[in-house]
Amino acid sequence: MTSLDRRLCVAPMMDWTDRHCRYFHRLFTPHALLYTEMIVAAALVRGDAGRLLEHDPAEQPLALQLGGCDPLELAAAARLGAAAGFAEINLNVGCPSDRVKNGSFGACLMLRPALVAQCVARMRDAVSIPVTVKCRIGIDARDDYEFFAAFVEAVAAAGIAALIVHARAAILGGLSPKENREIPPLRHDYVHRLKREQPQLCLVLNGGLGDAATASAQRGALDGIMLGRAAYHRPRLLAELEQAWFDPARVPPEPERILAAMVGYARRERDKGVRLHSISRHMHGLVVAQDGARAWRRFLSDIATRPDAEPETLYAALPILRLPWAA
Ligand SMILES: Cc1cc2nc3c(=O)[nH]c(=O)nc-3n(C[C@H](O)[C@H](O)[C@H](O)COP(=O)(O)O)c2cc1C
């Protein structure tokens, strides 16, 4: 089985970490393990797998996140993912949305550890790449450590290559997915305790890690950390951690260089019929210093959203990018 470096991971984020966003993120960090948005196993098995699994080789190492609760369907979807070249298959046991809850998967699977273990076992039988789970620490009133540890014990027994923990409980009914990423308190301590109790388990901590110092402090004895919103809103953070953790000689790339690479990418994508806006909408975080950021965002929403916008249009923003931009 391939051994993946999980020190730095970028979280699966629906509508955000599509293939264009991942290509953009990769320019900041050659080493981070990137994740797709959650793809529902049934959609993959019965739908247009070629389109759903499309990615650029430059995005590797890249994990495919699946949503579902039917072991056989998940196994079939995992097989499609492995055949398409993904480096890992991850099962979503953390999404609290109603749509997902009605499909009886995502976070509500925290209450069904035996079923999750079965799903993992079937997926492992189906593929030779690592199978992992991303979960919460609990669900609704069950946010005690004992509940979390019992869930992990059952799932780990099925042989996961790693467990990624969004370290807060999910509240189903009452809180929106956005509130579910903000309101339930963070319990990073649960994940550190679990690592102490089960040092052989590969553990990645996720949730509320907003800057390089916090990420470094929290990594501690864990196998890695996963960044979601901070990576999306401030991708330069990925370059800072790349330099700190993987390659001290790699100075974070200038925004001009990233822009030029994205123009090249957008040109290739234009030939496939992709509109500039589908790509540039993920690039808001390229500039974060206050003055520049406002001008950059305005540029992206005024100019780059025009139907006739061409990739080269992005070069018109070079003067904005040359402002001091690092926060
Ligand atoms: C817009 C958005 C979409 C998300 N979609 C997914 C998803 O598809 N699968 C998943 O496991 N988590 C999803 N999440 C949760 C993130 O992966 C992550 O667990 C959460 O944002 C906490 O990490 P953070 O504090 O670093 O952002 C999403 C988060 C956001 C902001």
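Where is the place of Gly94? Gly94 is found in the loop between β4 and α5.

## Basis of the model

The structure is a predicted model, in which local features need pLDDT of at least 70, side-chain atom pairs count only at pLDDT 80 or more, and totals for chains, interfaces and linings use all residues. Residues are numbered from 1 along each chain as its sequence is written, and side-chain values use heavy atoms, with hydrogens and water left out.

Helices (H or I, at least four residues) and strands (E, at least two) are DSSP runs, numbered from the N terminus. Gly94 counts as buried at 12% relative accessibility; buried means under 20% relative accessible area, exposed over 50%, and partly exposed in between, with a 1.4 Å probe and protein chains only. Not counting residues up to four places away in sequence, Gly94 touches Gly106, Ala107, Lys134 and Arg136, where contact means heavy atoms within 4.5 Å. From C-alpha to C-alpha, Gly94 and Cys9 are 16 Å apart in space and 85 residues apart in sequence.

Asn92 lies in strand β4 (residues 88-93) and is buried, with a relative accessible area of 7%. The side chain of Asn92 reaches the backbone nitrogen of Gly94 at 2.8 Å and the backbone nitrogen of Cys95 at 2.9 Å. Such a polar contact is a pair of N or O atoms within 3.5 Å; within protein, one must be able to donate a hydrogen and the other to accept it, and residues adjacent in sequence count only if both atoms are side-chain atoms. Residues up to four places away in sequence aside, Asn92 touches Met38, Gln65, Leu66, Gly67, Gly106, Leu109 and Lys134.

## The ligand site

The ligand is surrounded by 17 residues, of which the closest are Met14, Gln65, Asn206, Gly208 and Arg229; a residue is near a molecule or strand if one of its heavy atoms lies within 4 Å of it. The space taken by the ligand is the largest pocket. On a 1 Å grid over the protein atoms alone, a pocket is an open set of points with protein on both sides within 12 Å along at least five of seven lines, whereas a cavity is a set of points where a 1.4 Å probe fits but cannot get out; lining residues have an atom within 4 Å of a point. A molecule sits in a cavity or pocket if more than half of its atoms lie within 2 Å of its grid points.

An N or O atom in the side chain of Asn92 is 3.2 Å from a nitrogen atom of the ligand.

## Helix α1 and His25

Helix α1 is largely enclosed by the rest of the structure, because eight of its eight residues are buried. These residues are Arg19, His20, Cys21, Arg22, Tyr23, Phe24, His25 and Arg26. Asp18 caps the N-terminal end of α1, with a side-chain oxygen 3.1 Å from the backbone nitrogen of His20.

His25 is found in helix α1 and counts as buried at 2% relative accessibility. Apart from residues up to four places away in sequence, His25 touches Val10, Leu34, Ala231, Tyr232, Pro235 and Leu238.

## Phe105

Phe105 lies in the loop between α5 (98-102) and α6 (113-126) and is buried, with a relative accessible area of 9%. Leaving aside neighbours within four places in sequence, Phe105 is in contact with Met38, Val40, Gly67, Gly68, Cys69, Cys95 and Val100. The C-alpha atoms of Phe105 and Glu254 are separated by 41 Å, and the two residues are 149 residues apart along the chain.

## Backbone geometry

Most residues other than glycine have a negative phi, and most peptide bonds are trans. The peptide bond from Gln60 to Pro61 is cis, with omega near -5°, and Pro61 is placed in the loop between α3 (49-52) and β3 (62-67).

Asp15 has a positive phi, near 75°. Asp15 lies in the loop between β1 (8-10) and α1 (19-26) and is partly exposed, with a relative accessible area of 47%. Phi of Asp140 is also positive, near 50°. The loop between β5 (131-136) and α7 (145-156) holds Asp140, which is partly exposed at a relative accessible area of 32%.
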